Every structure is written in structure tokens, then in C-alpha cells.
Amino acid sequence: MKTAYWLIGLLVCSFSLAAQPVQDRLARAVEKLQADAQMKHALLGMRVVNATTGEKVFEVNAQTGLAPASCQKIITSAAALELLGPAYRYETVLGYTGRITRNKLHGDLYLQGSGDPSLGSWRYEPTKEDRQLQQVLTLLQQKDIRKMEGELIGLAGKWEQETLPGGWIWDDIGNYYGAGSAALNWHENQYDLVLRSGSAIGDTVAVVDARPAPVGVSLQSQALAAAKGTGDNAYIYLPPFASQGFVRGTIPVEEKAFVIAGSFPDPAMQLLSTVNDFLGRSGITPASYRVLYGKTIPGGQELGKIYSPPLDSLNYWFMRKSINLYGEAFLKTIAFESTGKGSTDKGVELVKKFWKERGIEASALRIIDGSGLSPQNRVTADALVDVLQYARGRSWFPAFYEALPLFNQMKLKSGTIGGAKSFAGYHTAKDGTTYTVAIIVNNYDGSAGEMVRKMFQVLDELK
């Protein structure tokens, strides 16, 4: 009988808790999280609104600027879809100067870049490396060019030479997620580095191969073998336009072909080297190749254009797989289309201006890049929710929504950098209420996985 009463009491208590307003449940869950040992020196910002009405449901520190990590991509994504349009396509122009006689080009071959981050990408059938190289060859053959005696020249036009935003840290920029954005990009500006470790802890790790190999780069390994099961703790240190880099950190012992991914220090030269080699194998051998900045095709003839997938397709992978390169390209493209100059700083200025005109204070968006990789970015949870709410009313919203990953059975963008975790997006509760939410934690202690689990416990109150 006592057991029966206990069960009834438990059920009554459960029903009572479930019946409490969502505001109270969230307040209780947040109070529990903030009392957790991992949060002793941390700061949490959160805001939840009813997505349909815009009515505030819950907030805490919603006006405090915090490092948002990749949740900042929401800001760039929505601005790019609105300012450039979901159908926007990048164009890479193939052209030449000089004359063509007897199937031979007496002049130079040009590739004019527009910042396309998908050139040579494996994510889309039309952009795969072999397809796009063949496209270049076909355009030459259509003009009966079978030989040439001039140079292969990459033109950066009015895109800045600097590939990286300010604020990116040394530990990131040589690795695949730290790939910079250029007027001419290739293979998402990344390569695989194959490593081999010895059988004893502390053995030096050897570099076996690089696929594709960064042009003109020598990589020296200073990495060491660690215990089995320790995973990937190796990092590549290679700044933009450098010829010497280092691999440091650890990989497990007894690995024969352990793969980590790095970023090309000079994306434009990587593309030209690849095209040059391909043309050489096809019998069309340029005398040399080089990149010119601040130049457009000087009175030459256009052979054709290579188009990117539409922006909404690029945005899908930008959000779904959190590709930092795409965000930096979007930012520069917004600047280029508005001012004629592809610049990170101008892109940031225009994005902030765009959101200010839509009611988000500039001080709520202290951003210096398009992807959120810089730890210097500061964004409020309130601003993230406002951006998400704005997106709901736009014609491109279905594509934007589809691009959001699924976390904790919710459509959320996630963010992770050192000491920072964030989630922002949408959720429809069992009762049909749709919520827009942003939650950011900075300076937490301990395991990132544990912090995520505890953040999800808070978000579970929306279910």
C-alpha cells in the first residue's frame, strides 16, 4: 500500500512539473546549470521567444556579448541570402590574350577569380576536381587551342590578397577549419596529411604523404606518439603564403596512415599549379604560372565561365558542416558586390549595417569575421534570436531552415571554440508551440561533452 501511495505521489508530482509554465521550467533548469561546478567561473547568455508571436518566453544575460563560435554563421548566412540572393552564383572566367594560329595560343591564359569557395569541391557533382579541370580543357578545345607558348595567370581582380581575417589564432590557421578565403580557391583550400607513428610512446611521428600536396611547402613533423586511444591531438602550423610548416602534438602509437587535414597557405597558387599540371598532361603546356593581384583580364578574350552552385546550396554546407571558408567568402562577396572590392573589413561593416537597419544594435554584434572562428567575436543571445526571427519571414527561409543541423532533436546551429559552446535555432514542442532559442556558455571548466549534455537538459524543457 505504501508503494502504491508513493507511485501515485510520484505521478502527481511529475504531472505537476509538466504542467508548470515553460518559463518556470526553464528558470529552474538554468538555475541548476549555473550552480554546476563547470559553471563556477563561466557566463551563460540565453533567450527564448515564441517563434510565431515573437513574445518573450525566457531570458538571462540576453544582452551580454559572448563569444558565439560557429553560431555566428547564422548572422552571415541570413545576411548573405538576403543581400546576394539564394540564386547567386560565383563566376570564374577563363580568358586569353594574344592570338591563336594553327591551334596554338601565342599569348597568356587567364583565370579571373570571384571568390568561389566551391571550386574543386567534392560536395557537388559539377564542382568535383576532374569535372572542372575537364571544363577548362573543353573551353580551350572549343577555340581550337591545342598548344600554347604563354603563361597561365591567375587574376585576383579587386579582391584583397590577405586570406585570413584578423583575430584567428596560430593553433587554427594551418588546419582545415582555418582555411582562408581568396579570389581563387581550390578543393575548399584543404588537404589531407598522412602521418605514421612508432610503436613506443614518445616516438617521433613521420609525415608520409599529403593529398593533394601544398605547392612549394615543406612540412616538418615535431609530433610524438601517445598512448593508444588518445585520438587526434596533432595540429599543423603553417601561416598564409609560407613555405615551411610544422606538425605538433600527438597521435596514437602504431598508426600507419593516420590522417589529419590542413589548409593551403596559398589557395590561388594551388589552383594554378593543379590546372598547369592538368594542361601539361593534355599537351597544352604553359611556360609558367603566377598570380596577379588587383588585375583583371587586360583587353583579352573570354573563353567561358565556370559557375558555382547557387548560394542556397553553398549555404547548406556552410551551416550543416560549419565550413568556415564559405562564411569568409560570403563576407568578402557581400563587400565586392556592394563596393567592387572583396574585403573582410568592408564585409563586416556592411553586415553590421544590414542588421542595424533591421533593429539590431551594432554593439550587439562585435564581429570581425564571417564564421565565428575568432575568439574575439562577441554576440548577444538576443541578437541571434532576432536574426533567426527575421529569417522566418523571408522567402528563402525553407532553405535556411533545411541547412540547420539536428541536435538534441532540434534544428540548431552549434558553435565550439576554446571554452565556448553555443546553440541557436528552432524547436517545435509537443503541444505545437514553436520556439526560437539561443544559448551561449563562455569560460566553462572541464569537458565540452559534459557541458553540451547539461545545456541540452536546459533545452529539453522546451520539448
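I began with Gln132, which I found in helix H4 (residues 129–142), where helices (H or I, at least four residues) and strands (E, at least two) are DSSP runs numbered from the N terminus. I noted that this is a predicted model, in which local features need pLDDT of at least 70 and side-chain atom pairs count only at pLDDT 80 or more, while totals for chains, interfaces and linings use all residues. Residues are numbered from 1 along each chain as its sequence is written, and side-chain values use heavy atoms, with hydrogens and water left out.

**Entry 1: Gln132.** Is Gln132 buried or exposed? I looked up its relative accessible area, which is 2%, so Gln132 is buried (buried means under 20% relative accessible area, exposed over 50%, partly exposed in between, with a 1.4 Å probe and protein chains only). Setting aside neighbours within four places in sequence, I listed its contacts as Ser118, Leu119, Gly120, Pro126, Thr127, Trp186, Ile306 and Tyr307, contact meaning heavy atoms within 4.5 Å. I also checked Pro267, which lies 135 residues from Gln132 in sequence and 16 Å away in space, C-alpha to C-alpha.

**Entry 2: H3 and H9.** Two packed helices are described by the angle between their axes and the distance between the axes. For helix H3 (residues 73–83) and helix H9 (residues 344–356), I read that the axes come within 10 Å and cross at roughly 85 degrees; the axes are lines fitted to C-alpha atoms, for helices over the stretch in contact, and angles run from 0 to 180 degrees between N-to-C directions. H3 and H9 are therefore roughly perpendicular to each other, since angles under 35 degrees count as roughly parallel, over 145 as roughly antiparallel, 65 to 115 as roughly perpendicular and the rest as oblique. On the H3 side I noted Ile75, Ala78, Ala79, Glu82 and Leu83, which meet Val351, Phe354 and Trp355 in H9.

**Entry 3: the whole protein.** I recorded 12 helices and 23 strands in the protein, and a C-alpha trace that spans about 100 × 60 × 35 Å along its principal axes. Of the 463 residues, 53% are buried. Among the contacts with a separation of 6 or more, 71% are between residues 24 or more positions apart.

**Entry 4: strand E21.** Which element gives the largest share of the lining of the largest pocket? I found that E21 does, with five residues.
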